[in-house]
Amino acid sequence: MMARASVWTPDQVTPVTDEPGVRGTLRLSTYRPDANRSSSPSSHVSRFVPGPDYGGMEDNDLRGFLDGRFRWGWNQPGQMHVRIGRESWSAARPKYGEAELFRVLHRWSGIVLPPRSSVRSARLELTVEQGCSRAIRLVLYAVRKDWNPGSGGVEGNNTSKPRAGEAWWNDAEFQRKPWGLPGVGFASFSHPAADTDVSPLAETLYQPGDQGILFASDALAGYVEGRAAAAEPVLLLLKVSDFQEDIPGALLAVYSANYGDAWDLTRRPALVVEWESDAEVRSWNQEVWLEYGRIVTFRPPAPAPGDTCALTFDSAAERKAPTLDVRAMEKSEDAGWKRVALPFPWTGGEMELRVTAAPDPVALGTSFEATLRDTWIRTGEPEDQVVRWRFTSPTGVAREVDAEYRGDYRWAVDFQPEELGPWRYEWRHTFTDQPYASPPGRFDVVATEREAVLDFVDRLEKSVSEARLAGSFEPPDLHRWRIRFSRLQRAALRFEDPDSFRGESGRELLLRLDRVRTALSGKEVPVEIPFISHPPPRPEVGGWTRWRVRMAKAMRRRVSRLTRWVRA
C-alpha cells in the first residue's frame, strides 16, 4: 500500500535539464617517419592535462626572497594550489621586513607528437582559485636548466626540508646544483649559467574576477615544437612582472597539477597544442551526431604496425567532446577498449573506434573510483581524517560515502551508481580549521553491456516490490522509479535488433520489463495490454450559450415538479 500523498511537483523532484549530446567531426590520422611529405596534412589538437591520460607534468610552488635569505623554502609539488606573486604584509607572520615572494615551475615531460610535426599554436590554461583585487601582469619564461620536482621534502609532506637533489627556491637540485640566482632569477641570452632567457615566451593580464589565466604566443608554440622534436621536457617559469612583483598583495593562487580528486581534471593546468605533420600517410574523417548517452562504433582503415595514430574530435559550438576509445580486433577476439586522448602507437590488427556521447562515462554495473591526495593536514593525523563524498543521481537521490585512507596522504572512494545518466558529486573534509567543500564534479553512467542492464532491471523490480509491500514510499519515489525504468528500458532496447527483439532475447526482455510494470502499478500485466481510447472532449461553449443551457435545465426541473404536483 502506498503511503499518504504529499504535495509535490515532478520538476521539484527531478528538475528538467538538458544534455545536448555530441556533434562534430571525428578524425583519425596515421603517420610514418619515412612517408612522403604530405602537401595538406590534417590539423589535430592534443590536450595534455595531469591525470589518467597523461602523467608527465608536475608543478612546484617556490617561495623565498630575491637574495635567497631563507632557511628552508618549501617546494610543495603535491599540494592543491600554487601561488604567483608577493603576499600581503602580515605583522602576524614577520619576515624581517619583507613580504614573501612566490613563483611557479612547470615541468611537462612526455610531450610526444608524431614524426616531423610542426606546432601551429600552443596555449597554457590555468584556473584561478583565489584572485586579487587589482590587475596583475603575469609573465611566462622558458627555463634553461632541468630540475627534479621532488616529492615534498624529507617527510613527503611539502613542509619539510628538501631531499638532496630536489628543486626549491635556491637550488635546481638541493645541495647539488644552485640556480644562477635564487628563484630561477638569472636571465641572460648568452651566459652559460642562465636560468632563463631575458625575453619571455608569453604574457597575460589578470583582471579582478577572472576565473582563468591563458598564456599563448608564437614563441610558446615554437618552444613546444622544438622540445617535443628533441624529446625534451617543456620547462616553464611563471611569475608576476618585475615591477608588480615588488608590491605586497600582488598574489594569485591557481589550482595545481595535484588539485582535488583524480577524476575531475577541469581545474588542473592544461597545455593545449595544435599541430600537424607532413609524415601523414592517411586521414579518415567521419561526421558524428549523437544524442546524449548513445554509443556508436566505426571500423576505419587499419593502420600498419608501427604507425603513429592521432584521434581528434572537432566539436560543434557549445557541444562537449565525446569519449573516444580504441581497440584492436585480433583473430575474431575482442581486445579491451582503451581510452585515447593523445597520439598513440599502433601495434597491428584491425582497428575499431568507439564514440560515447558522454564526457565522463562510467559503465553501468561498475564502480566510480577516484583518489584524493592532500598533504596540508592541520587538525589531526591523516588516518583520523574523514573525507565524505556526496553523490546525487539524475533523479535527485543523494548518497554519502566516506573515502578510505590508503596512506601517503591519499584517500580513495569506491561507489557503484544505480541510475543511468549524469551524476553530480562533491567531497568535504576538515583538514584545516576552515572546512572545505569541493566544487561540484560529474560523471555519466552509460550502458555498455546488455547483461548489466538486465541485472539493474531486476534490481529495480525488487526495490519497488519491497517498498510497496512495506508501504514505505511516497509519490516522489514512484516518479523517480518510473524515470529509472524508462531509461533502463531504452538502454536494453539498444542491444536488440529486429531479429533478436522478436526472438528469445526479446521475449526474455519483455518478461523482465513486465515484472517492473507490475511492481510499479500494483497490477498484474496482462498478456496483451488493451488499448483504451479516451472519450471525445466536450466542446467549449461561450458564456451566452452556457446561460441558455442552465436556464433550459432549470425550466425542465420546474416542469417536472409541477407535473408531479398536478398528478398528486
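**Close-up views of a predicted model**

**View 1. Arg354 in strand 22.** Arg354 is part of strand 22, which comprises residues 350-356. The model shown in this and the following views is predicted. With a relative accessible area of 17%, Arg354 is buried, because burial is assigned under 20%.

View 2. Helix 2 covers residues 218-229 and has 12 residues. From its first C-alpha to its last, helix 2 reaches 16 Å, close to the 16 Å expected at 1.5 Å a residue. Leu220, Ala221, Tyr223, Val224 and Ala228 are the buried residues of helix 2. They cover an arc of only 165 degrees around the axis and therefore lie on the same side of helix 2. In an α-helix there are 3.6 residues a turn, so residues three or four places apart point the same way. Asp218 and Ala229, on the other side of helix 2, are exposed. The buried residues of helix 2 pack against strand 6, strand 7 (136-142), strand 11 (212-216), strand 12 (234-240) and strand 14 (270-277). After helix 2 comes Ala231, which has a positive phi near 55 degrees.

**View 3. Helix 7 and its cover.** The 18 residues of helix 7 should span 26 Å at 1.5 Å a residue, and the end C-alpha atoms are 26 Å apart, in agreement with that value. Buried residues in helix 7 are Gly506, Leu509, Arg512, Leu513, Val516, Ala519 and Leu520. Because they cover an arc of only 145 degrees around the axis, they are on the same side of helix 7. Glu504 and Leu511 are exposed on the other side of helix 7. The cover over the buried residues of helix 7 includes helix 4 (450-470), helix 5 and helix 6 (498-501). Just after helix 7, Gly522 has a positive phi of about 75 degrees.

View 4. Leu493, Phe501 and Leu510 make a nonpolar surface patch of about 220 Å². Leu493 belongs to helix 5, residues 475-493, and is partly exposed at a relative accessible area of 36%. Pro530 is in the loop between helix 7 (504-521) and helix 8 (543-567). Pro530 is exposed, with a relative accessible area of 53%. A separation of 38 Å is found between the C-alpha atoms of Pro530 and Gln416, which are 114 residues apart along the chain.

**View 5. Arg116 and its salt bridge with Asp278.** Arg116 has a positive phi near 60 degrees although it is a residue other than glycine. The side chains of Arg116 and Asp278 form a salt bridge, at 2.8 Å from N to O. Arg116 is in the loop between strand 5 and strand 6, and Asp278 is in the loop between strand 14 and strand 15 (280-290), so the pair ties together parts that are 162 residues apart in sequence. Arg116 is partly exposed, at 31% relative accessibility, whereas Asp278 is buried at 17%.

**View 6. Glu318 in a loop between two strands.** Glu318 is located in the loop between strand 17 (308-315) and strand 18 (323-330). Glu318 is not a glycine, yet its phi is positive, at about 60 degrees. The relative accessibility of Glu318 is 80%, and this residue counts as exposed.

**View 7. The salt bridge between Glu19 and Arg442.** The closest N and O atoms of the salt bridge between Glu19 and Arg442 are 3.7 Å apart. This pair links distant parts of the chain, 423 residues apart. Glu19 lies in the loop between helix 1 (10-13) and strand 1 (22-31), while Arg442 lies in strand 31, residues 441-446. Glu19 is partly exposed at 23% relative accessibility, and Arg442 is buried with a relative accessible area of 12%.

View 8. Across the whole structure, 46 salt bridges are found. Side chains of opposite charge can pair when their charged atoms come close. Arg450 and Glu451 meet through their side chains in a salt bridge of 3.3 Å, N to O. Arg450 counts as buried, at 19% relative accessibility. A network of salt bridges links Arg450, Glu451, Asp458, Glu496, Glu508, Arg512 and Arg515. Among them, Arg512 is one of the buried residues in helix 7.

Note on methods. Residues numbered from 1 in each chain as written. Predicted model: local features only at pLDDT ≥ 70, side-chain atom pairs only at ≥ 80, totals over all residues. Heavy atoms only, no water. Helix = DSSP H or I, 4+ residues; strand = E, 2+ residues; numbered from the N terminus. Buried < 20%, exposed > 50% of the residue type's maximum accessible area, 1.4 Å probe, protein only. Patch = residues over 30% accessible without salt bridge, like charges linked within 9 Å, V, L, I, M, F, W, Y side chains within 5 Å. Areas by Shrake-Rupley, 256 points an atom, 1.4 Å probe, with all protein chains shown as cover. Salt bridge = Lys/Arg side-chain N within 4 Å of Asp/Glu carboxyl O. Expected span 1.5 Å × (residues − 1). Arc of directions from axis to C-beta. Contact = heavy atoms within 4.5 Å.
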